[in-house]
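Hi,

Here is the structure I promised to pass on to you. Have a look at it first, and then read on for what turned up.

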Number of protein chains: 2
Amino acid sequence: MTGTAPAPFTADDYRARMDRAARAAADAGLAGLLVAPGPDLVWLTGYTPPAATERLTLLVLAPGRAPVLVVPTLEAPDAARAPGAGALSLRDWTDGKDPYAATAALLDVSGRFGISDNAWAMHLLGLQRVLPGTSHVSLTEALPMLRAVKDAAELDLMAAAGAAADATFEEIRKVPFAGRTESEVGADLAGLLRRFGHSQVDFTIVASGPNGANPHHEVGDRVIERGDMVVLDFGGLKDGYGSDTSRTVHVGEPTDEERRVHDLVREAQEAGFRAVQPGAACQEVDRAARAVIEAAGYGEYFIHRTGHGIGVTTHEPPYMIEGERQPLVPGMCFSVEPGVYLPGRFGVRIEDIVTVTEDGGRRLNTTDREMVIVD
Amino acid sequence: MTGTAPAPFTADDYRARMDRAARAAADAGLAGLLVAPGPDLVWLTGYTPPAATERLTLLVLAPGRAPVLVVPTLEAPDAARAPGAGALSLRDWTDGKDPYAATAALLDVSGRFGISDNAWAMHLLGLQRVLPGTSHVSLTEALPMLRAVKDAAELDLMAAAGAAADATFEEIRKVPFAGRTESEVGADLAGLLRRFGHSQVDFTIVASGPNGANPHHEVGDRVIERGDMVVLDFGGLKDGYGSDTSRTVHVGEPTDEERRVHDLVREAQEAGFRAVQPGAACQEVDRAARAVIEAAGYGEYFIHRTGHGIGVTTHEPPYMIEGERQPLVPGMCFSVEPGVYLPGRFGVRIEDIVTVTEDGGRRLNTTDREMVIVD
């Protein structure tokens, strides 16, 4: 199954994106871009191959040349039906032939090329072999912001995905927690995301009690008990664009300490949100959220970065992390998700997707950030 | 969601596999192996990270050294719970640090390393940067047969996956075809595969009428009609091991030509199966099947290779293709799946998974290969 429904864009939209990418490559001193199946290819062409295999599929973009998509012959009919197919030409290769030689014929024999982060190593090695005079750099290292700034149509899709995630939270807070396993609540989350229009569910974290102290715990067989804090973090793709939100709920009445830590994280999230301004560096968002938690003496328990970009994937640049000096630009979308993780005890994380506007940040998630009590 | 249930192996099983892999690397003149998340890592350690991200996870295997798994700190607790964790040590790295430098400290500064085919290009570039004296080769190119020969426990799991796919076919032949869309029948196939124990469905091809002439068509909105040939090709993972079988059914009575083409493909499949013998080259299987189709004048309509290996993935080496001289070894498992594709009209494909025994081939799919008539 090929997975997600494509977003509603035309060949002209994809042509404009490919032009923009080629220009950005030239501005960055690159001879071209080599784009493998995955989010870059989806964003540039709307195309996802029937399966990710060892067979080379590669979009070749170079300034001043028409885009060419190298595809296995067997998959050429699929590629020809891609929404962006009208904006590129196909070059197919047959099983048993060398796809790298076919690609090399499209490239300069020297120069530096950006290649999709997630291109397969075997394909990069194949290209390095046939074009020893070329060098390569990861597309995210060379052009980290290529997909980061969303246009109006993309922002509408991001907002719709966020609203669907919020509708999911409004329903999940009504289901019983105590006495059920994390996996059962996680299945509810997945069902709700799909019911509210998601075609792909990427994660449904239900981290109860001590499991909440592992920020990457997904779901397990633990039976949720009265008195547990439960971190909920869920998202996926709706009409090709991502959602990702976290709320930490409590089963029954919290202790004073639990309430204090939850308030602290909520204040940190608010501080991170308020740091979102055009021109501010990404790291300022991290610093603002972290400063609140550090001032309260919990700095050592905030063990991850404050946020990550989101778009045609649920996890991409820009990153809200110390050292990231990229200025925020209107149209960027990313998470603001500080957390506190107390080993063996509990964790709290609160996360909204935020987009940058001329005036500051706009939240794409708007459910209650106060602690919600569940049954 | 992390997907598939792990296969029932112990840390000792994984230790033995890692030892075998390190020895195979040394025999191939390699300084070591760099194993990324995916089928190689699952087979060697049982570990799949919570998500495939830009964060480096890499198993470093070198002859004479203990295996080390480099993991992001956030995911170290997940890695520590992997079934093979007892047979390796973890080295974690924190967001913001350079994971390539951490990996480099584990490697010789020179030498040739095998790297997983599907390792991300950005990680290979990172490793090439910190260790310019090293070179890399794709793991499949260096050690194509690393996972190809299955042991007795693996063969039992392969046989069980095949039996589940066969049970799926026995049920799907009873459902109505005429008047329903390909997608509806495809959803039935997916449901049946899960009902019979699959944890992951990789593909459910329902290619009716002219769609059957595209060997990679999955499912579409076409309403199946009386008189259609319908290619069914489905599989996935059950208990960590793959299934993949194809049968071509007919809705109502076939024409003489349809019956003749189906008979031809069945004979070609039988010829390919009979060519399976220890020591025979993979290409002999392709040649045997192809010769039957060519002799009947349909050679130009058999547009793909005859088969592919299967194991912890549904698609891997060895390939049954002209030019592949790899000798067959008892324990190898692969598909034998010739087809004839008549553009704009219909297609036929018949596929069994076959394992090599001392005496020849053994089919892991045993449903009727004669044309089945459906309603």
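Between domain 1 of chain A and domain 2 of chain A there are 2 residue pairs in polar contact, both at pLDDT 80 or more. A polar contact here is a pair of N or O atoms within 3.5 Å; within protein, one must be able to donate a hydrogen and the other to accept it, and residues adjacent in sequence count only if both atoms are side-chain atoms. On the side of domain 1 of chain A that touches domain 2 of chain A, the classes are 2 nonpolar, 1 polar and 1 charged residues. (Ala, Val, Leu, Ile, Met, Phe, Trp, Tyr, Cys and Pro count as nonpolar, Asp, Glu, Lys and Arg as charged, and the others, Gly among them, as polar.)

Before going further, a word on the source: this is a predicted model, in which local features need pLDDT of at least 70 and side-chain atom pairs count only at pLDDT 80 or more, while totals for chains, interfaces and linings use all residues. Residues are numbered from 1 along each chain as its sequence is written, chains are lettered from A and ligands numbered from 1 in the order in which they are written, and side-chain values use heavy atoms, with hydrogens and water left out.

Back to the two domains. Domain 1 covers 11-142 of chain A and domain 2 covers 152-374, with bounds from an automatic or database domain assignment. Their C-alpha centres lie 34 Å apart. In contact (heavy atoms within 4.5 Å) are 4 residues of domain 1 and 5 residues of domain 2. The area buried between them is about 360 Å², with 69% from carbon and sulfur atoms; buried area is the accessible area (1.4 Å probe) that two parts lose on being put together, summed over both. There is also 1 salt bridge between these domains, a term for a side-chain nitrogen of Lys or Arg within 4 Å of a carboxyl oxygen of Asp or Glu. Arg17(A) and Glu154(A) form a salt bridge, with their closest N and O atoms 3.5 Å apart.

Now to the two chains. Chain A brings 42 residues to the contact and chain B brings 41, and about 3300 Å² is buried between them, 56% of it from carbon and sulfur atoms. Across this interface there are 4 salt bridges and 11 residue pairs in polar contact, both at pLDDT 80 or more. Arg305(A) and Glu54(B) meet in a salt bridge at 3.1 Å, N to O.

How many salt bridges does the structure hold over all chains? The total is 56. In one of them, Asp352(A) meets Arg363(A) at 2.6 Å, N to O. Because Asp352(A) lies in strand 15 (residues 352-357) and Arg363(A) in strand 16 (residues 360-363) of chain A, the pair ties together parts that are 11 residues apart in sequence. Both residues are buried, meaning under 20% relative accessible area, with exposed over 50% and partly exposed in between (1.4 Å probe, protein chains only).

Enjoy exploring!

Technical notes: Helices (H or I, at least four residues) and strands (E, at least two) are DSSP runs, numbered from the N terminus.
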